[in-house]
Amino acid sequence: MDAGIGVGLFARDDVKTGNEPCYVCKKPTRSHILEPALYEEYVAEVIVERSDDFANKQWEEVEEIVKTRKAKNAVTCCHGCWLARREEIAEILEKDYEKWESDPRQYLARIQVVAEICKTYDFEEESKRMRYLISMMKESVK
Ligand SMILES: [Zn+2]
């Protein structure tokens with residue numbers, strides 16, 4: 001018996017992320033957590049009581065309990081790869097930001113992709129700049 005109980009996957013604040021292979025270079029790390037580990041609940045049957053081995057009629061009493069298991073490992077990135085990624089993004093912003101700013105709607109898809117990367121990697125300064133572009137876009141739709 002192994003049925004999901006419908007809460008879906010969830011992250012946990014009360015569990016520390018362990019080392020996982022860096023998303024880029026595969027070196028075990030937990031320097032930067034790109035995606036938290038996800039857990040799910042499931043129903044398991046446990047035997048709470050059973051007859052002793054000598055009884056004529058063997059019986060057992062089963063109870064259903066909700067357990068938690070890890071459904072998906074965290075995605076992590078080592079500091080070296082994180083810095084390299086940030087440099088890459090900084091270069092892209094350096095090159096394209098003004099262009100995007102002049103007409104954000106035309107570059108919508110690109111802006112969204114870069115904004116997502118900044119958010120995932122937790123690049124503070126860059127995220128702020130990308131959020132600004134997205135807010136400009138929303139303004140211009142009104
Ligand atoms: Zn790495």
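This is a predicted model: local features need pLDDT of at least 70, side-chain atom pairs count only at pLDDT 80 or more; totals for chains, interfaces and linings use all residues.
1. Layout. The protein has 3 helices and 6 strands. Reading from the N terminus, the order is β-β-β-β-β-β-α-α-α, so the radius of gyration is worth a look next: at 24 Å, it sits well over the 14 Å that the globule rule gives for 142 residues, and the chain is therefore more spread out than a compact globule. The C-alpha trace spans about 85 × 40 × 20 Å along its principal axes.

2. Buried residues account for 13% of the 142 residues. If you take the contacts between residues at least 6 apart in sequence, 68% of them join residues at least 24 apart.

3. For the contact between them, domain 1 supplies 7 residues and domain 2 supplies 6 residues.

4. Helix α2. This one covers residues 108–121, which makes 14 residues. From first C-alpha to last it reaches 20 Å, close to the 20 Å expected at 1.5 Å a residue. Which of its residues are buried? Those are Ile111, Val114 and Cys118. They lie on the same side of α2, because they cover an arc of only 70° around the axis. The general rule behind such a pattern is that an α-helix has 3.6 residues a turn, so residues three or four places apart point the same way. On the other side of α2 you'll find Ala109, Val113 and Glu116, which are exposed.

5. Phi of aspartate 122 is positive, near 60°, in a residue other than glycine. For context, most residues other than glycine have a negative phi. Aspartate 122 counts as partly exposed, because it has 14 C-beta neighbours inside 10 Å.

6. Lysine 26. Where does lysine 26 sit? Its place is the loop between β1 (20–21) and β2 (28–29). Lysine 26 also has a positive phi, near 75°, and again is a residue other than glycine. Is lysine 26 buried or exposed? With 11 other C-beta atoms within 10 Å, lysine 26 is exposed, since the cut-off for that label is 12 or fewer.

How values were computed. Residues are numbered from 1 along each chain as its sequence is written. Helices (H or I, at least four residues) and strands (E, at least two) are DSSP runs, numbered from the N terminus. The expected span of a helix is 1.5 Å times one less than its number of residues. A residue is buried if 20 or more other C-beta atoms lie within 10 Å of its own, exposed if 12 or fewer, and partly exposed in between; C-beta atoms are placed from the backbone. The arc is that of the directions from the helix axis to the C-beta atoms. The radius of gyration is taken over C-alpha atoms; the globule rule is 2.2 Å times the number of residues to the power 0.38. Two residues are in contact if their C-beta atoms, placed from the backbone, lie within 7 Å.
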